[in-house]
Amino acid sequence: MDSEEVPLDLLHIELVAHFVSQKDKIDEALSTLEAIGFNTGYRLIERLTRDSLKFKDELDLMKFICKDFWVSVFRKQIDNLRTNHQGVYVLQDNTFKFLNKISDGKQYLEFAPRYMAFTCGLLRGTLANLGIVSVVTADVTSMPSVKFQVKVQRV
Amino acid sequence: MTIYNLYIFHENGTLLYYQEWHRRKHTEMSREEEGKLLYGMIFSMKSFVNKLSPSDLKDGFQSFKTSKYRLNFYETASSVKFILNTDTSVTYSLVKDLLKAVYAQVFVEYAVKNPLYKPGDPILSLLFKNKCDHFIKASSFYK
């Protein structure tokens, strides 16, 4: 791993720890983290898309997210992209960066959601700035594998 | 050649981690007691070695050997202490390289960078255990 990534990893750990420290307000903490992720993604994408053309459709955009976007944030591509062609996309990452130091199975599974909130927001913010309003959720059944589900909201 | 067991101690003497492979004889005390005794012995050994040295030591205490086993000691700049017991045919320089690698590639990666691990607490992560086991078994002097 590049050592330049370590500060981000450690900052993310502290970010999560800071917001979930008030134990009874875990839902509030997760939505704060999600909001921070949203703003980060919203700003980040301005910079990342400076060389790309307008995307021809939604699927084209999702492919960009799985490849270039994921590589620039996590140094790897999404392992699997699936869609029902009705606005639901499932992005699967088998070795998710924020989980792969924690466990390689079911141990600590109950703590997984707090390490997903920021990234869900990041995805939602990114898509929002590219004109797609969506709901992003993450599903972890065995660490460090994650399935992000993106539901596009049609207006 | 064989590796018997590994102890990792925190700066303050807490036993962070213990794992054994080919240990055949056990003490009658609990693991914590055994850890305290070992830590105390290492602590004394370090100051003893430093005091009795006829010239300035660069590395200090590294290992000792009995007729049955060799105890290898490696300490990081942050005072994390690794103790690996091997049989007598294993040399210290081999063990030092292994312990350095365990520190950098297992301890730092899967304990320090694990958000659910609080520095100074005993390590309970199964991922850490698996990685550590894997690393030791892959070494050239694990039987």
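**Charged pairs**

A:D9 and A:K97 form a salt bridge, with their closest N and O atoms 3.2 Å apart. A:D9 sits in helix α1 of chain A, and A:K97 in the loop between β2 and α4 of chain A, so this pair ties together parts that are 88 residues apart in sequence. Both A:D9 and A:K97 are buried. This is a predicted model, and every value here is computed from it.

The side chains of A:E34 and A:R124 meet in a salt bridge, 2.9 Å from N to O. A:E34 belongs to helix α2 of chain A and A:R124 to helix α4 of chain A, so the bridge ties together parts that are 90 residues apart in sequence. A:R124 has a relative accessible area of 26%, so it is partly exposed.

The side chains of B:E34 and B:R31 meet in a salt bridge, 3.6 Å from N to O. Both residues are in helix α1 (residues 31-52) of chain B; they are three residues apart, so about one helical turn separates them. B:E34 has 6% relative accessibility and therefore counts as buried. B:R31, at 30%, counts as partly exposed. Back in chain A, salt bridges that share partners join A:E5, A:D9, A:R75 and A:K97 into one network. Over all chains, the structure holds 17 salt bridges.

**Backbone points to check**

Now turn to the backbone. Most residues other than glycine have a negative phi, and most peptide bonds are trans.

The phi of A:R75 is near 60 degrees, a positive value in a residue other than glycine. A:R75 is placed in the loop between α3 (58-74) and β1 (80-83) of chain A. With 43% relative accessibility, A:R75 counts as partly exposed.

A:H85 also has a positive phi, near 60 degrees, and is a residue other than glycine. Where does A:H85 lie? A:H85 is in the loop between β1 and β2 (88-93) of chain A. Its relative accessibility is 66%, so A:H85 counts as exposed.

A:M143 and A:P144 are joined by a cis peptide bond, with omega about 0 degrees. A:P144 lies in the loop between β3 (134-139) and β4 (146-152) of chain A.

**Nonpolar cores**

In soluble globular proteins, nonpolar side chains tend to be buried together. The largest nonpolar core here has 39 residues. Which of them touch the most other members? They are A:I65, A:F69, A:W70, A:L91, A:F96, A:L99 and A:F148. The elements of chain A that give two or more residues to this core are α2 (26-48), α3, β2, α4 (112-129) and β4.

Look closely at A:W70. Leaving aside residues up to four places away in sequence, A:W70 touches A:I65, A:R75, A:K76, A:Q77, A:I78, A:D93, A:F96, A:T119, A:L123 and A:F148. A second, separate core holds 28 residues, including B:F82, B:V90, B:F107 and B:F128.

**Where the chains meet**

Finally, the interface. In chain A, 13 residues are in contact with eleven residues of chain B. The area buried between chain A and chain B is about 1,200 Å², and carbon and sulfur atoms give 62% of that area. A:K101, A:D104 and A:Q107 supply 44% of the area that chain A buries against chain B, more than any other three residues.

How many salt bridges lie between chain A and chain B? The count is one. B:E109 forms a salt bridge with A:K101, and the closest N and O atoms are 2.2 Å apart. Four residue pairs are in polar contact between chain A and chain B, counting pairs with both residues at pLDDT 80 or more. Helix α1 (residues 6-19) of chain A gives the most to the side of chain A that touches chain B, with three residues. The residues on that side of chain A divide into eight nonpolar, three polar and two charged.

How values were computed. Residues are numbered from 1 along each chain as its sequence is written. Chains are lettered from A and ligands numbered from 1 in the order in which they are written. This is a predicted model: local features need pLDDT of at least 70, side-chain atom pairs count only at pLDDT 80 or more; totals for chains, interfaces and linings use all residues. Side-chain values use heavy atoms; hydrogens and water are left out. Contact means heavy atoms within 4.5 Å. Buried area is the accessible area (1.4 Å probe) that two parts lose on being put together, summed over both. A salt bridge is a side-chain nitrogen of Lys or Arg within 4 Å of a carboxyl oxygen of Asp or Glu. A polar contact is a pair of N or O atoms within 3.5 Å; within protein, one must be able to donate a hydrogen and the other to accept it, and residues adjacent in sequence count only if both atoms are side-chain atoms. Helices (H or I, at least four residues) and strands (E, at least two) are DSSP runs, numbered from the N terminus. Ala, Val, Leu, Ile, Met, Phe, Trp, Tyr, Cys and Pro count as nonpolar, Asp, Glu, Lys and Arg as charged, and the others, Gly among them, as polar. Buried means under 20% relative accessible area, exposed over 50%, partly exposed in between (1.4 Å probe, protein chains only). A nonpolar core is a set of buried Ala, Val, Leu, Ile, Met, Phe, Trp, Tyr and Cys residues joined through side-chain atoms within 4.5 Å.
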